[in-house]
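I opened my notebook to write down what I looked up, one entry at a time. Here is the structure I had on screen.

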Amino acid sequence: MEYATVESTYDMMHAALKDVVPEFELRYKAELAFEINQLKEKIGAVILGHNYMEPALYHSVPDFKGDSLELSRRAADTDKGTIVFCGVRFMAETAKILSPEKTVLIPSARAGCSLAASITGEDVRELKKQYPGVPVVTYINCYADVKAETDICCTSSNAAAVVESLNSDTVIFLPDEYLAQNVARETGRHIIFPVKDPRQASPEETNLQYTMIGWRGRCEVHEKFTVEDITNVRKQFPDVVVLAHPECSPEVVEASDYSGSTSAMIKFVKDTKAPRYLLLTECSMGDNIIAENPEKDMLRLCSVRCPHMNEITLEQTRDALKFNRYEVDVPEEIRVKAKRAVDRMIQIS
Ligand code: SF4
């Protein structure tokens, strides 16, 4: 019972986080974590912690840690009636899609996402009218109304396999521009980004030799990394191994040594022995990996946190349990259609 008292909670957190979180902060956060774990037991809740949560939260209260789909699937398998999703809203919606009978809470009502907000269900309906009969693949990082209009979902780790599983000459791939370009390159497809007014289309876009149709949505964190960042770091540390999330631009992915989902990057660092690593993804994940692998050397390039992930704090998580807030719901008609797209992906995984 490592979290049985405030002191034992502090000891656990201190062992993992002494080099990552300042001492005065650890003391205060251990008290909060203890309170949260008491409330969680009392209510019968399960807490999910996305890989981008801040280190003190990530290493104290989640029952499960990982990427969004993996977490939603694990929560669905528990007998707990309440899920608290420490992540952003589209992730909590995915948990609700898979566990309609459970109460799903998100600690902050403001935890959105620039990528998910780039597209609506109505946009997808319009695209389907424009390209009738073309199958629609959507990245899991979107809201339920978009998933509901989709033939099949994908994650950043299985996106190319999902596209290829469709055996279709042309595929609509939404909403991440860079992930779509990375998948197009991996699967040898030509990609276009349609414009609403055909008169504004470039000659390339009116050429029908395309096989993938994308959308200009972006993650506001991953779009910040540049090839210049990598070049500068390599000049100073020629032996660095660079890992880029596939939401980074194709040029950045090309200039990196490895590209993979958050879970794949964590596994890569654990399983390899490099003199040092540079992660091109949300800042907290580097700290979380170091806390679990203190012998590894991680360069810290970024100072930018995802503002949406940053909304989720230990205080907000405690209040979610205390006041049963903020409940995430998905209308049943949308949920059933969205679940079909998620299930279809799970079947081919
Ligand atoms: S890191 Fe990017 S994709 Fe993830 S929640 Fe933040 S803005 Fe959205």
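Predicted model: local features only at pLDDT ≥ 70, side-chain atom pairs only at ≥ 80, totals over all residues.

**Entry 1: around the ligand**

I sorted the shell around the ligand by class and got seven nonpolar, three polar and two charged residues. My classes: Ala, Val, Leu, Ile, Met, Phe, Trp, Tyr, Cys and Pro are nonpolar, Asp, Glu, Lys and Arg are charged, and the others, Gly among them, are polar. The residues around the ligand include C113, N141, E220, E282 and H308. To get on that list, a residue needs its C-beta atom, placed from the backbone, within 6 Å of the molecule.

Residue numbers start from 1 along each chain as its sequence is written.

**Entry 2: the whole chain**

I found 16 helices and 13 strands in the chain. Both are DSSP runs numbered from the N terminus: helices are H or I with at least four residues, strands are E with at least two. The radius of gyration is 21 Å, close to the 20 Å that the globule rule gives for 349 residues, so the chain is as compact as a globular protein of that length. (The radius is taken over C-alpha atoms, and the rule is 2.2 Å times the number of residues to the power 0.38.) I also noted that 48% of the 349 residues count as buried, meaning 20 or more other C-beta atoms lie within 10 Å of the residue's own, with C-beta atoms placed from the backbone.

**Entry 3: the five-stranded sheet**

Next I traced an open, parallel sheet in the order β6-β5-β7-β9-β8. Strands pair if DSSP finds at least two bridges between them.

β5 (residues 136–139) has three bridges to β6, with Y139 partnered by C154. β5 also pairs with β7 over three bridges, and there T138 goes with L174. On to β9: two bridges join β7 to it, and I172 has I213 as its partner.

Is β7 covered on one face or both? Both: V171 and F173 on one side, I172 and L174 on the other, are all buried.

**Entry 4: the four-stranded sheet**

I then followed a parallel, open sheet ordered β11-β10-β12-β13. Five bridges join β10 (residues 240–244) to β12 (residues 276–280), and V241 has Y277 as its bridge partner.

Notes: Buried ≥ 20, exposed ≤ 12 C-beta atoms within 10 Å, placed from the backbone.
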